[in-house]
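Here are a few notes to go with your copy of the model.

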Amino acid sequence: MTAPPANAGRPPADLSVSFAGIQLKNPVLAASGTFGYGVEFEDVVHLSKLGGFVVKGLSREPMIGNPPPRLWETPAGMLNAIGLQNIGVHAFLEEKLPRLRQIKDVVVIANVFGYTREDYERTIEILNDGEGIAAYELNVSCPNTAQGGLQFGSDPRSLDEVVTTCRRVAQRPLLVKLSPNVTSIAQMAYTAQEAGADALSLINTFVAMAIDPETRKPRIANVTAGLSGPAIKPIAVRMVYDAAHAVKIPVIGMGGISTAADVIEFMLAGATAVQIGTASYWDPCATEKIVDELQEWCAEHEIKRLADLTGGMILE
Ligand SMILES: Cc1cc2nc3c(=O)[nH]c(=O)nc-3n(C[C@H](O)[C@H](O)[C@H](O)COP(=O)(O)O)c2cc1C
């Protein structure tokens, strides 16, 4: 005989959350760059079960990305140097967005990047014309070529300028995705808030590298790459905690999440919602499974409303 479900006789927990005026049926979003444009996962994941997804980073013009090898598995993590390969914002609007509009009841967030402030500005202006996008997420982790290669996301003044520019043109809520490659995440979080961000998402990947001792060559053709996956989770939780204490706007947490318990941990640290990235590489159904697990976790722990856990870490 099978055991009765943990919520037998009780209504299921309310998993809904909201940030920046956007309602999600649950806090689970698929992270940018790990879920294609969403449509590619249609046959694998019940997309409408997710809170939503963030599409691959979009640029003003299409980009072919870096040469291979671009991925390398590390203990409990993954290095990637995809190089922001994408079809460009025009092709996204024409080829992907019409299909995405047909998927009911799922929030679609467009991730945007550029090498100059004008790149970001123009890409957002073009996206403003597309129907069916709930918000923009700014990836500020790329080199600011107009200012000699410094990343927008690692210099408070550049961050302030790019967020101010995007806030002025964006006709939708603006999420700013912070880089962890900084000394003070609290300072960057506060800077983004003051420049007009409606919410923050963090963290992006850590700059890292690996070398093959036999060949003495780098494991990744680009030499340096971004580290993601469970290996970065404790640092990500700390950064979400620090950022959430520095700002009043909502924080969306990510970095190594692969279970419902991981989601709860990020929420207790201060996250309103979460994103799942690398876990979808190891199991393409990870996002959907985590939503199911969350419902079970709430039943087992007699949680009626998941959103009540945000910022709920107990200190004493
Ligand atoms: C293969 C790959 C591609 C990524 N591409 C993007 C991207 O285009 N834009 C972006 O903002 N973040 C990108 N990221 C970062 C993820 O969205 C996420 O912030 C990071 O991987 C940490 O979460 P995780 O440990 O759950 O993967 C990418 C990550 C991976 C692994």
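Helices here are DSSP runs of H or I with at least four residues, numbered from the N terminus. Keep in mind that this is a predicted model.

1. Start with helix α7, which covers residues 279-282 and holds Tyr-281. Tyr-281 is partly exposed, at a relative accessible area of 37%.

2. Next, have a look at helix α3, residues 156-169. Its 14 residues reach 20 Å from first C-alpha to last, close to the 20 Å expected at 1.5 Å a residue.

3. Which residues of α3 are buried? They are Ser-158, Leu-159, Val-162, Val-163, Thr-165, Cys-166 and Val-169. These residues span an arc of only 160 degrees around the axis, so they sit on the same side of α3. Arg-157 and Arg-168 are exposed on the other side of the helix.

4. What covers the buried residues of α3? The cover includes helices α2 (117-128) and α4 (185-194), along with strands β8 (135-139), β9 (143-144) and β11 (174-177).

5. Setting aside neighbours within four places in sequence, Ala-135 is in contact with Ile-22, Val-108, Ile-109, Ala-110, Arg-172, Pro-173 and Leu-175. Gln-171 is 36 residues away from Ala-135 along the chain, yet their C-alpha atoms are separated by 8.7 Å.

Technical notes:
Residues numbered from 1 in each chain as written. Predicted model: local features only at pLDDT ≥ 70, side-chain atom pairs only at ≥ 80, totals over all residues. Heavy atoms only, no water. Helix = DSSP H or I, 4+ residues; strand = E, 2+ residues; numbered from the N terminus. Expected span 1.5 Å × (residues − 1). Buried < 20%, exposed > 50% of the residue type's maximum accessible area, 1.4 Å probe, protein only. Arc of directions from axis to C-beta. Contact = heavy atoms within 4.5 Å.
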